[in-house]
Amino acid sequence: MTDEPVPAPRVVSLYNAANALTVVRIVLVPVFLVLVVVSQMNDPDWRIAACLAFCIASATDFADGWIARRWHLVTSFGKVADPIADKALTGTALVLLSLYGPLSWWVTVIILIREWGVTALRFWVIRYGIIPASRGGKLKTGLQTAAITWYLWPVPEPFHLVGVALMGAALVVTVVTGADYVLQALRLRRGARP
């Protein structure tokens, strides 16, 4: 047996591109909020500005995770800040859309309960294992982003119905994937019992 040196574990700097994009998303949330409030969902120019801010923030969500995985830049900060940034952006958008009328409150409430419920579940089982993001979860995020974007953009009648259909699909996938996360959490807890 030889005494070969063991390589030191790779230390990932907190200051990296993936974390920078997460911070940009967090900063864009209040910018987006102000743009929607100024528009009051009536002024087309301000709505377009709000929609663009939302789209840029959403693009950072897709980019930061890819960069972190691709270049091994995963950090504890990113693991915590990324889902918080996601929920802050989506939650703000849904609440504003319900506040100004285009989206029914019951849709917003169901989606927010699912989003925060899944986050709570992940913390509930964290000592037993990780519940990874599923393909359904990624589909849910994509559908929610598309639906919110459609609601924000000042589309003429009857094309607003596309947004309604997208939000309906997002709602169904949101509920189904939420139930799947509950089952995964219960399996993790049961599997960890002595």
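Is M41 buried or exposed in this structure? M41 counts as buried, because its relative accessibility is 7% and buried means under 20% relative accessible area. The model described here is predicted.

## M41, between α1 and α2

Helix α1 covers residues 17-39 and α2 covers 44-70, and M41 sits in the loop between them. Although M41 is not a glycine, its phi is positive, at about 60°.

## H72, between α2 and α3

A positive phi also occurs at H72, a residue other than glycine, where the value is near 50°. H72 belongs to the loop between α2 and α3, the latter being residues 76-99.

The relative accessible area of H72 is 55%. H72 is therefore exposed, since that term applies over 50%.

## The loop between α5 and α6

Helix α5 runs over residues 135-152 and α6 over 160-192; V155 lies in the loop that separates them. P158 is found in the loop between α5 and α6 as well. The peptide bond joining E157 and P158 is cis, with omega about -5°.

V155 has a relative accessible area of 24%. That places V155 in the partly exposed class, because the class lies between the buried limit of 20% and the exposed limit of 50%.

## Surroundings of V155

Leaving aside residues up to four places away in sequence, V155 touches W150 and H160. As for S58, this residue and V155 are 97 residues apart in sequence, and their C-alpha atoms are 20 Å apart in space.

Note on methods
Residues numbered from 1 in each chain as written. Predicted model: local features only at pLDDT ≥ 70, side-chain atom pairs only at ≥ 80, totals over all residues. Heavy atoms only, no water. Helix = DSSP H or I, 4+ residues; strand = E, 2+ residues; numbered from the N terminus. Buried < 20%, exposed > 50% of the residue type's maximum accessible area, 1.4 Å probe, protein only. Contact = heavy atoms within 4.5 Å.
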